[in-house]
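Subject: Handing over a structure, with notes on what was found

Dear colleague,

I am passing the structure below on to you, together with my notes on it.

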Amino acid sequence: VEETQTIPGGQFTEAANAKGKFVVVFMTVSNPGNAPSEVGSSSFQLKDNRGRVFNMADLNAQFAARDHYQAEIIYKEIQPGLSEPSVFVFDVAPDATGYVLVPGK
């Protein structure tokens, strides 16, 4: 997990600036199922120690993170039995701390 105010742009993306602060979550996403699957923008939410729940940041932030961190993001199809290093970005309140990744709604 990394906190930052800005995610630099890449060759085809613009830099993304947080409204609060970005929380960048790095993980390996696996597909243990029998069919292709993808992670969507509502697959995960980030909960802080005050119980506030944050959705993923906008697509500009996701694409900037993909290019900057060289990892896959939302809407990447993962084949059965395979895994992908992934990065997900949340734009949270400046005073947020104590993060827990929770299933989306």
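I begin with a polar contact (a pair of N or O atoms within 3.5 Å, where within protein one must be able to donate a hydrogen and the other to accept it, and residues adjacent in sequence count only if both atoms are side-chain atoms): the side chain of Asp 48 reaches the backbone nitrogen of Arg 50 at 3.0 Å. Before going further, please note that this is a predicted model, in which local features need pLDDT of at least 70 and side-chain atom pairs count only at pLDDT 80 or more, while totals for chains, interfaces and linings use all residues. Residues are numbered from 1 along each chain as its sequence is written, and side-chain values use heavy atoms, with hydrogens and water left out.

Asp 48 sits in the loop between β4 (44-47) and β5 (53-54), where helices (H or I, at least four residues) and strands (E, at least two) are DSSP runs numbered from the N terminus. With a relative accessible area of 4%, Asp 48 is buried; buried means under 20% relative accessible area, exposed over 50% and partly exposed in between, with a 1.4 Å probe and protein chains only. Not counting residues up to four places away in sequence, Asp 48 touches Phe 54, Ala 96, Thr 97 and Gly 98, a contact being heavy atoms within 4.5 Å.

Leu 46, in strand β4, is buried as well, with a relative accessible area of 2%. Leu 46 and Gly 98 are 52 residues apart in sequence, and their C-alpha atoms are 9.8 Å apart in space.

Leu 46 also belongs to the largest nonpolar core, which has 14 residues, and is listed with Val 39, Met 56, Phe 88, Phe 90 and Val 92 among those with the most contacts inside it. A nonpolar core is a set of buried Ala, Val, Leu, Ile, Met, Phe, Trp, Tyr and Cys residues joined through side-chain atoms within 4.5 Å. Strands β2 (16-30) and β7 each supply at least two residues of this core, and a second, separate core of 13 residues includes Ala 16, Ala 18, Ala 61 and Val 89. Phe 88 touches, not counting residues up to four places away in sequence, a set of residues including Val 23, Val 29, Val 39, Met 56, Gln 62 and Ile 73.

How many cavities of 30 Å³ or more are there? The count comes to one, if a cavity is taken as a set of points, on a 1 Å grid over the protein atoms alone, where a 1.4 Å probe fits but cannot get out, and lining residues as those with an atom within 4 Å of a point. The volume of the largest cavity is about 40 Å³, a volume being the space filled by probe spheres set on the points, with grid points joined across faces, edges and corners. Its lining consists of Val 29, Val 39, Glu 72, Ile 73, Lys 76, Ile 78, Glu 84, Ser 86 and Phe 88, and strand β7 (residues 83-92) gives the most to it, with three residues. The lining residues divide into five nonpolar, one polar and three charged, where Ala, Val, Leu, Ile, Met, Phe, Trp, Tyr, Cys and Pro count as nonpolar, Asp, Glu, Lys and Arg as charged, and the others, Gly among them, as polar.

Turning to helix α1 (residues 59-69), its N-terminal end is capped by Asp 58, a side-chain oxygen of which lies 3.2 Å from the backbone nitrogen of Asn 60. Within α1, Ala 61, Gln 62, Ala 64, Ala 65 and Asp 67 are buried, and the buried residues of the helix pack against β1 (2-7), β2 and β7. His 68, by contrast, is partly exposed, with a relative accessible area of 40%; not counting residues up to four places away in sequence, His 68 touches Ile 7 and Pro 8. The helix is followed by Gln 70, whose phi is positive, near 55°. Gln 70 lies in the loop between α1 and β6 (77-78), and at 67% relative accessibility Gln 70 counts as exposed.

Not counting residues up to four places away in sequence, Asn 31 touches Pro 36, Ser 37, Ile 78, Gln 79, Pro 80, Gly 81 and Leu 82.

With best wishes

Note on methods
1 Å grid on protein atoms, 1.4 Å probe; cavity = no way out; pocket = protein on both sides within 12 Å on 5 of 7 lines; lining within 4 Å.
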